[in-house]
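Colleague: Could you walk me through this structure, one feature at a time? I would like the general idea first and then the case at hand.

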Amino acid sequence: MEHNPGMNLRFKAFLDNESQDSVELALNYCGIEECRPGYFHSPPKRSIYLIHIILRGKGTLEIEGQTFHLGGNDAFLIPPYRKGSYQADREEPWVYMWIGFSGLKAYECLTKAGFGQQQLVRQVTCTERLHEIIRRMLEIPQLTLVNELRRNSMMQWFLSELIEEYQTLYKTQDTYPYSAAAYVSYAKEFLVENYNRKVRVDELADRIGINRSYLAKSFKKLMGCSPQQFLVNLRMEKAVGMLKNTDLPVNQIAAQVGYENPLTFSKIFKQRYGISPKNYRESAASFPTAQNDCVE
């Protein structure tokens, strides 16, 4: 998007303090500005988080005794109640976009995006995508409920881009935002609901957003078995119920518990129970029900 000299586009949402403090995330304002040479701005201390991202040009940020010389693709944060000022370069004045927001999850989102009380500046590589989000937000300035919902969803998308980029570039392995128990619970629920489909552990881990080894390690620690073994146990438990309580052929039972090949199903079943599915059905009345480890 091209800008004329001194051009600025901005939007401000009028939210009272109670609204700001009681919602998870709320947009306060956003904008895009092409600054005049040497343009200086010293905004008052605010109760919100304010992020600027430089599209091009140069300038200087000063905040509580710290000075930063910044250029294209640099982003800087001014946290709540901290005094900061910034000035455009006289030869190459900067063009920047900004977004101000508040809410209960604001600080959590910023820390996951690589910012903090002591980490005020970072480089970004997703500038074009962020620019497009801000531009779209500015296209719906009217203060209506529909537009408020749309702007807030775009603001969350803006933060998600920053978080995803930072985690991709800087996250250490096995450092995730939720507890291992939360991921295992999700994986377990997914397996219970999809035991009759083809499930790959690496695809499940990717679906959750963690790596395969972390999922396997956490699952083993909390459930006492691997995700794959949990799935096999669950399938066998379902198969036993169908062998006892239905007249379905073995090949249909195999398909209904996730095995395309009936021979594979029979082989795993025999390894588990020491008897073929057919013979198990014939002797089900006298055959004790085996306990499948780590299946509740």
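Modeller: Gladly! Let's start with burial: a residue is buried under 20% relative accessible area, exposed over 50%, and partly exposed in between, using a 1.4 Å probe and protein chains only. By that rule, 45% of the 296 residues of the chain count as buried. This is a predicted model, so to speak, in which local features need pLDDT of at least 70 and side-chain atom pairs count only at pLDDT 80 or more, while totals for chains, interfaces and linings use all residues. Residues are numbered from 1 along each chain as its sequence is written, and side-chain values use heavy atoms, with hydrogens and water left out.

Colleague: How many helices and strands does the chain have?

Modeller: Helices (H or I, at least four residues) and strands (E, at least two) are DSSP runs, numbered from the N terminus. Here the chain has 11 helices and 10 strands. As for contacts, meaning heavy atoms within 4.5 Å, residues 24 or more positions apart account for 69% of those with a separation of 6 or more.

Colleague: In what order do the 4 strands of the open sheet run?

Modeller: Two strands pair if DSSP finds at least two bridges between them. The order is 3-8-5-6, with antiparallel pairing. Strand 3 (40-41) and strand 6 (66-70) are at the edges with a single partner strand each, so one side of each has no neighbour in the sheet. Strand 3 is joined to strand 8 (residues 84-88) by 2 bridges, and His-41 has Tyr-86 of strand 8 as its bridge partner.

Colleague: Is Ser-85 buried or exposed?

Modeller: Ser-85, which lies in strand 8, counts as buried because its relative accessibility is 12%. Setting aside neighbours within four places in sequence, Ser-85 touches Phe-40, His-41, Ser-42, Thr-60, Leu-61 and Glu-62.

Colleague: Which residues of helix 6 are buried?

Modeller: In helix 6 (residues 201-208) they are Val-201, Leu-204, Ala-205 and Ile-208. Seen down the helix axis, these buried residues fall within an arc of 100°, so they line one face of helix 6; the arc is that of the directions from the axis to the C-beta atoms. They pack against helix 5 (180-194), helix 7 (212-223) and helix 8 (227-245). On the other side of helix 6, Asp-206 and Arg-207 are exposed. After helix 6 comes Gly-209, with a positive phi near 105°.

Colleague: And how should I read empty space?

Modeller: Rolling a probe the size of a water molecule over the atoms shows where empty space is left. On a 1 Å grid over the protein atoms alone, a cavity is a set of points where a 1.4 Å probe fits but cannot get out; a pocket is an open set with protein on both sides within 12 Å along at least five of seven lines, and lining residues have an atom within 4 Å of a point. Grid points are joined across faces, edges and corners, and a volume is the space filled by probe spheres set on the points.

Colleague: What is the volume of the largest pocket?

Modeller: About 450 Å³. Of its 18 lining residues, Lys-112, Ile-163, Gln-167, Pro-177 and Tyr-178 are the closest to the centre. Helix 4 (145-170) and helix 2 (106-112) each supply at least two lining residues, and helix 4 gives the largest share, 6 residues.

Colleague: What about cavities?

Modeller: There is 1 cavity of 30 Å³ or more, and the largest cavity has a volume of about 50 Å³. Its lining includes Pro-43, Pro-44, Leu-50 and Gly-84.
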